[in-house]
Amino acid sequence: MLRVGLTGGIACGKSRVRRHLAAAGFGTLDLDGVGHDAIAPGGAAYDDVVAAFGRGILAPDGTVDRKALGARVFADATARAKLNALVHPRVREEEARRAAAHAAAGGRVFVTDAALLVEAGLHLRFDRLVVVDCEGGEQLRRLMARDTIDEAAAGARITAQMPAAEKRRFAHIVLDASGSLEATDAHAQALAMELWRLAGAPPPRPPMPDEAVAAVLGSGPDLGPHGLDPSVWVAEVQASGEVEMERLKRRLAPPFAGPWYAAAETLADSGSPGAEALALVVGLWSLGRRGLDPEFTAAVMFSVARLVDRDADRAAGACLVAIAAAHSGAGIVGDDAARAAWSAVAERWARAAAPRWAPALLDAVARHADDPAAAGEAARGAGADARLAAGLVAAALAARRDPGPR
């Protein structure tokens, strides 16, 4: 079943889009609505939220005054993080239950609608992420009308969220809802057709043996950017079952207390390895999670790269290596045409050309597909990381020796 995340800025129109997708036959879930239920009296998180924020957030009838609570968390990043920590686990349990029920009933697409997927760093749980976008002035007007608030209050709520241009960077699909309702409906219908197409053409899912991961950890880079070493990355992802950006952020050195997508702005260039040091483990994880889907792999690697670095060229190189690693985990070393296609995907995500070392690295791997040491030496001679090349070849050899369960 295709899992789709649907998100967008406040008052951008994502709820309207979700209703169209439901009408198209998809399973849909308003995750924010589930969150509201969780903090209602008797809800799974009600007692914990009241204990954390005090009875001043309650209305006379004992329900949580969402405007009062919202005023607290919109103005205070620490308070938002506390609220999320209390509510998100309960909400995700309900989401998992409903998605499983939809899959068991034969559903092919399940759409989760939530406002803060990217901000919370939970957007990589989905096979595809759709961001509903709206021009800033129109967004402001809609929010003022919807919530009957003045321009200052509406602007503060918009400013408290992730900038729209930044959020779009993490989308597989951007849906423009700035125009008329009729135009938005037409875009939603086109989106439904694209999601049906994706669900009907799932990527190949070759098995990946555990030996491929061991080969990458043994032969590939052992140090990662700002303390986020490959072994640390693997441990964190295995512990949570997903790539959660806030969780990974907590392993950075030095520590960073703000939102995950702002961490790289504070990290000094101290000779730390680049994001490409994580590309092998990212690629293998994406193979196990989604199969040979370069768009999915590049999306994961791009987010990981943005956590630790703002260099677009290095992000493109990391995305290219991650895609190659996913294929290596399936025992595949791409030919010239395949590598060109991978480069196009990587560069589209990073919005930059891959540095010269990245294609040179893959060329070295292709020339020495049976010899990790020789591939590493050839990569070093071309200005690339020898351990990246050795890790790619070692993973492919491990996959060929043991293609995993059939």
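## A parallel sheet

Val 130 sits across from Ile 173 in strand 5. This is a predicted model, where local features need pLDDT of at least 70, side-chain atom pairs count only at pLDDT 80 or more, and totals for chains, interfaces and linings use all residues. Residues are numbered from 1 along each chain as its sequence is written, and side-chain values use heavy atoms, with hydrogens and water left out.

Strand 4 (residues 128-133) pairs with strand 5 in the parallel sense over 4 bridges; pairing takes at least two DSSP bridges between two strands. Helices (H or I, at least four residues) and strands (E, at least two) are DSSP runs, numbered from the N terminus. In total, 5 strands make an open, parallel sheet in the order 2-3-1-4-5. Strand 2 (27-30) and strand 5 (173-176) are the edges, each pairing on one side only.

## Largest cavity

There are 3 cavities of 30 Å³ or more. A cavity is a set of points on a 1 Å grid over the protein atoms alone where a 1.4 Å probe fits but cannot get out, and lining residues have an atom within 4 Å of a point. Volume is the space filled by probe spheres set on the points, which are joined across faces, edges and corners.

The largest cavity holds about 60 Å³ of space. Helix 17 gives the most to its lining, with 3 residues.

## Second largest cavity

Helix 14 (residues 294-308) supplies the largest share, 4 residues.

Notes: 1 Å grid on protein atoms, 1.4 Å probe; cavity = no way out; pocket = protein on both sides within 12 Å on 5 of 7 lines; lining within 4 Å.
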